[in-house]
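Dear colleague,

Please find the structure below, followed by my notes on what turned up in it. I would be glad if you read the two side by side.

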Amino acid sequence: VTQDQPPEDVAGMLAVAHLLGPGGAKNYRNGKSGADAYGTTGATYFNKGKYAVAVLAPQMQSVNNG
């Protein structure tokens with residue numbers, strides 16, 4: 001993760017690290033796929049983390065305003 005990456009990509013990498021650990025996240029970033037014991041892939045978690053920041057987080061303001 002670098003400071004010039006968009007926040008949604010940082011969130012995606014954090015999600016991958018949560019699923020696969022730091023070594024698995026590094027492997028994912030270097031193009032190696034990985035999955036947990038249930039078959040959930042790093043790509044799946046990356047997309048979920050990215051979606052949470054890019055799509056869901058901006059909607060929270062309107063939810064909080066009622």
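This is a predicted model: local features need pLDDT of at least 70, side-chain atom pairs count only at pLDDT 80 or more; totals for chains, interfaces and linings use all residues.

Ala52 is found in helix α2, where helices (H or I, at least four residues) and strands (E, at least two) are DSSP runs, numbered from the N terminus. At 33% relative accessibility, Ala52 counts as partly exposed, given that buried means under 20% relative accessible area, exposed over 50%, and partly exposed in between, with a 1.4 Å probe and protein chains only.

Residues are numbered from 1 along each chain as its sequence is written, and side-chain values use heavy atoms, with hydrogens and water left out.

As for the chain as a whole, there are 2 helices and 0 strands, and the C-alpha atoms fill a box of roughly 40 × 30 × 15 Å, taken along the principal axes. Of the 66 residues, 20% are buried. Taking contact to mean heavy atoms within 4.5 Å, residues 24 or more positions apart account for 50% of the contacts with a separation of 6 or more.

How do the axes of α1 and α2 cross? They come within 6 Å, at an angle of roughly 155 degrees, α2 being residues 42-64; axes here are lines fitted to C-alpha atoms, for helices over the stretch in contact, and angles run from 0 to 180 degrees between N-to-C directions. That angle makes α1 roughly antiparallel to α2, since angles under 35 degrees count as roughly parallel, over 145 as roughly antiparallel, 65 to 115 as roughly perpendicular and the rest as oblique. Residues that make the contact include Pro7, Glu8, Asp9, Met13 and Leu20 of α1, and Tyr45, Phe46, Lys50 and Val53 of α2.

Asp9, which lies in α1 (residues 7-29), is buried, with a relative accessible area of 18%. Not counting residues up to four places away in sequence, Asp9 touches Phe46 and Lys50. The side chains of Asp9 and Lys50 are also joined by a polar contact of 3.3 Å, that is, a pair of N or O atoms within 3.5 Å, of which, within protein, one must be able to donate a hydrogen and the other to accept it, and residues adjacent in sequence count only if both atoms are side-chain atoms.

Val10 is likewise in α1, and is partly exposed at a relative accessible area of 22%. Leaving aside neighbours within four places in sequence, Val10 is in contact with Val1 and Gln5. From Val10 to Lys50 the C-alpha distance is 7.7 Å, across 40 residues of sequence.

With kind regards
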